[in-house]
Amino acid sequence: MEKRQDIALGLIFVGIGIAAAWMARGYSGASGTYPMVLGVILALFGGTVSIKAARSGRTEARRLIDAPGHFFTTALIATAYVALVVPLGFYTASVLLMLALPLALGFRRLGYALIVALVFMALIYLVFSVLLEKPLPREAILSILGAGA
Amino acid sequence: MEFFTTALGHVLTLGPLSAMTGSTLLGVFIGALPGLNPVMAIALLLPLTYSMDPLVALAMVAGIYNGSMYGGAIPAILLRIPGTPASIATTFDGFPMADKGEASKALKIACWSSAVGGIASAVALMTMGPLLARLTLFFGPAEYFWIAIFGMASVGVMVGSDPVKGIMAAVLGLLIGTMGIDNLSGQARFTFGQTWMLGGLDLIVVLVGLYALPPVLQLAEKADLRGLSAAQLKLADAPFKPGELRGLIPTWLRASGIGIGVGILPGAGGNIAAFLSYNAAKNASSDPESFGKGNPQGVAAAECGNNADNAASMIPALSLGIPGNVVAALVLSALTIHGLQPGPQLFHQNPVLVGGFMVEMLLTSVLIFALGGAVATRVFAQFQRLPGVLLVPSILILMCVGVYVINGRPVDLWVMLGAGIAGYLLEKVNVPLAPIILGMILGPMAEQSVRRALLISRGDATDLLTRPISAGLAIATLLVILWPVVKTLRRRRAARA
Amino acid sequence: MKLKATILGMSALVALAAPALAEYPERAIELTIPAGAGGGTDTSARKLAILLEEKLGTSIAILNVGGGGGSVGASQFMQAKPDGYSLFATWNSPITTVPQVQNVAYSLDSFTPIASTSETAYTLCVKADFPAATGEEFLAELAANPGKYTYGNDGIGGTMQLAAERIFQAKEIDAIAIPFGGAGETLQNFLGNHVDIYGGSISTVLPYVETGEAKCLLVTSAADVPALPDASGLESLGLGDKETLLWRAILGPKDLDPAIVEKLAAVIDEAVNDPSYVEFLATKGEVPNVVKGDALGDRLQSEYDALAEVSKRLGL
């Protein structure tokens with residue numbers, strides 16, 4: 001059990017618990033009591049985790065992230081995707097994701113990735129846009145083309 | 001029984017038959033794809049059915065509902081991503097089995113168990129519907145409170161190696177469950193001034209993030225560029241050993257009973273049924289330590305429990321006109337659109353239609369036997385032949401599209417991403433995730449019912465214990481908590497002697 | 001056919017540059033419903049959408065945004081573009097009632113009223129053995145026993161509760177409100193004797209009136225309701241001005257083009273009065289009621305003002 005990680009974890013939960021209890025102070029009647037009690041309990045458990053960790057002698061190394069390079073690349077690209085999916089439009093952003101992420105992770109067979117991307121997007125289009133008629137974020141590229149025409 | 005034979009005659013025609021087959025298959029897919037869930041699919045498809053023969057429309061509902069409850073098990077076993085909230089308990093033993101090279105066996109057990117649970121539930125619906133429905137009326141706010149507490153006691157089986165962290169996770173879930181407008185006072189809680197948070201955090205959004213993102217990130221960390229070869233898939237048919245199926249029967253019976261019991265109570269639902277069945281199987285086992293490490297009984301209990309909830313959840317809807325969950329509400333809404341009036345007279349108004357729907361719930365459960373296994377191994381498992389680095393963006397996109405269409409708002413995507421990264425880190429520091437979801441499901445139920453009960457009793461808390469059913473449930477809760485302790489003590493004494 | 005509609009929609013998107021009203025609508029319309037799938041508002045809106053699709057010749061995509069008693073959906077819809085391709089199918093509560101108890105970001109001005117579609121009264125019902133047989137006796141029994149009876153309703157500060165409290169305030173009645181998640185849940189607790197009085201929509205409880213298990217003694221409309229012969233309308237009790245109804249309407253975002261409003265209102269009028277829709281409404285105990293444009297705006301305003309007064313007195 002990694003000591004420092006557990007101390008930090010416990011402290012984070014203490015923080016969340018106290019913040020929640022503090023915010024619940026202002027809620028009317030019974031609707032405030034319950035979350036306030038929960039906040040206090042959460043803080044107590046967080047404290048227990050921290051204290052237990054601080055008192056235990058052993059420290060075994062435990063890595064939080066196995067492959068930080070790949071992890072952060074993926075997390076970053078996923079975040080960019082979520083940020084771009086509305087401005088660019090769902091299909092545009094998704095095709096970009098399906099090409100960019102494998103590339104960033106070291107995949108070099110671009111043709112293969114492109115085929116998989118297109119087949120996959122076609123399936124999504126059939127299910128969500130044709131069968132279920134669900135509105136997805138609109139394609140910016142269509143509006144640009146439209147404005148140009 | 002006569003109307004069932006008449007109804008059967010109507011159901012066994014080309015339209016309903018093909019609708020059942022198609023929609024059961026579709027349901028398995030919907031359940032298996034993280035982000036897509038049966039409620040959404042049925043809500044989206046129902047309008048298309050308004051102009052159809054109602055028996056065909058209801059066949060689609062039955063197929064999607066039953067199929068998806070099984071489908072959720074497929075990614076739960078193969079990737080440790082539960083396809084629906086009800087298949088979280090399936091990951092506990094399903095994924096360890098797959099890890100040991102028994103994916104094929106686990107899928108087969110899931111398939112059989114789902115079918116058995118579904119059939120048992122449909123039989124209950126057909127034979128005891130009105131009787132069971134009347135039984136649910138004895139459950140008022142005080143009783144619901146105890147059911148929620150009883151469900152939370154099952155958190156004991158999922159806290160993992162460190163109980164303090166497990167309970168801490170459950171409390172966090174309870175706290176998340178309080179977010180949004182409080183129905184009893186109109187107070188907005190923890191909404192940070194954001195209007196979209198007035199409805200609280202959506203369970204599915206959090207589930208998809210918390211449960212699907214960590215495995216996806218781990219897949220990305222491995223950055224596998226080649227995919228598995230056919231030989232590596234290890235999906236050779238795993239025939240049951242003699243006696244293996246018989247060994248599952250007690251688990252099936254127990255899980256079916258629990259699933260039906262939870263199913264008939266409006267507002268309880270399949271998510272809880274799977275947890276409770278799993279807990280019961282573990283408590284009954286002579287070797288509880290093997291649970292969570294790939295015990296087939298765990299998969300059987302969870303999958304049987306969540307399917308046994310399905311048809312039973314239609315009981316209060318069809319017999320009383322009280323929809324217990326969204327799917328039941330959608331079925332009632334479809335019946336209304338076809339000119340029927342939900343209520344105690346529903347069955348007499350149109351026995352062919354209502355009886356036919358019950359028969360369809362039964363037949364689609366049987367269809368899981370026929371279709372389920374093949375879909376899982378021939379289609380889904382094959383996706384693992386794609387290079388991992390291509391699977392990662394595909395699953396990400398599915399998650400996003402599924403989350404986006406729930407409420408049509410981009411902010412849910414951020415919630416999912418945040419929950420996912422938190423989930424990844426929490427798992428790494430040994431905080432189990434299942435208690436968070438359980439807390440989110442049961443917290444609102446516990447809080448609202450206890451406050452309602454106190455309003456009704458004018459603030460007198462003894463009312464929570466003096467009513468016969470509440471008292472029974474309270475004692476049962478105590479037993480569930482104490483039972484594992486008693487068992488361990490006894491075993492220790494036996495070992496010493 | 002669906003595919004064709006989608007392709008049409010896509011090509012229309014490309015030609016978005018020049019909005020020509022004559023051609024409205026030229027692509028799919030998104031209809032936001034501020035309630036979950038399967039409920040009363042949802043079912044009515046979906047059924048109406050089928051008819052509107054036919055009459056407008058375009059497809060309508062439905063988006064359920066539940067939560068917060070409708071305020072989540074309303075707030076989200078408020079930000080839609082007023083181009084006529086985003087519409088809002090709501091019942092009155094999120095617009096006129098919820099703002100009384102919640103701090104919401106929208107007001108009546110955030111929407112363009114298009115047309116109302118249908119309306120129904122709420123009803124108060126008791127078990128067959130309740131010591132009252134008429135609306136008058138019912139209110140007298142409640143007034144004589146302050147704090148004795150509990151009534152289930154659709155949630156705190158919901159229209160149902162305010163509708164009942166308006167009457168109770170006038171008669172100085174003290175009954176205990178127990179908020180539930182919806183009429184189905186209220187019915188369950190009423191049938192199980194966990195609450196004394198059912199308060200909610202008529203259609204949910206109607207089957208139990210027919211079996212004799214429940215008797216409905218009061219409706220919140222001024223006039224009597226034919227489906228409930230035992231129930232008194234408020235007019236007959238001298239409370240005609242305390243009428244509170246459940247009604248449904250289609251709204252647009254703020255600053256919607258009046259020409260579009262007019263076109264939509266006309267089409268909605270036609271669809272609502274379509275025999276198949278009238279029949280469908282009847283099964284739910286609702287009647288068609290079309291109020292268009294500015295008249296609808298006035299109706300919203302006067303209801304808002306009346307409910308503001310009730311909730312202030314309730315201390316909500």
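Guide: In chain C, strand S1, helix H2 (residues 40–56) and strand S2 form a right-handed β-α-β unit, where right-handed says that, with the strands pointing away from the viewer, the path from the first strand over the helix to the second runs clockwise. Helices (H or I, at least four residues) and strands (E, at least two) are DSSP runs numbered from the N terminus. This is a predicted model, in which local features need pLDDT of at least 70 and side-chain atom pairs count only at pLDDT 80 or more, while totals for chains, interfaces and linings use all residues. Residues are numbered from 1 along each chain as its sequence is written, and chains are lettered from A and ligands numbered from 1 in the order in which they are written.

Visitor: Which way do S1(C) and S2(C) pair, parallel or antiparallel?

Guide: S1(C) pairs with S2(C), residues 60–64, in the parallel sense over five bridges, pairing being called when DSSP finds at least two bridges between two strands. C:Ile33 has C:Asn64 of S2(C) as its bridge partner. S1(C) also pairs in the parallel sense with S3(C), residues 86–91, over three bridges, and there C:Leu31 stands opposite C:Leu87.

Visitor: Why call S1(C) largely enclosed?

Guide: Four of the five residues of S1(C), residues 29–33, are buried, so the strand is largely enclosed by the rest of the structure. Buried here requires 20 or more other C-beta atoms within 10 Å of the residue's own, exposed 12 or fewer, and partly exposed lies in between, with C-beta atoms placed from the backbone.

Visitor: Changing topic, which residues of H11(C) are buried?

Guide: They are C:Leu296, C:Leu300, C:Glu303, C:Leu307, C:Val310 and C:Ser311. Seen down the axis of H11(C), the buried residues fall within an arc of 95 degrees, so they line one face of the helix; the arc is taken over the directions from the helix axis to the C-beta atoms.

Visitor: And what sits on the face turned away from the buried side?

Guide: That face of H11(C) carries exposed residues, among them C:Asp294, C:Asp298 and C:Arg313.

Visitor: How many residues of chain C are in contact with chain B?

Guide: There are 51 residues of chain C in contact with 42 residues of chain B, contact being C-beta atoms, placed from the backbone, within 7 Å. H7(C) gives the largest share of the chain C side, six residues.

Definitions and conventions
Two residues are in contact if their C-beta atoms, placed from the backbone, lie within 7 Å.
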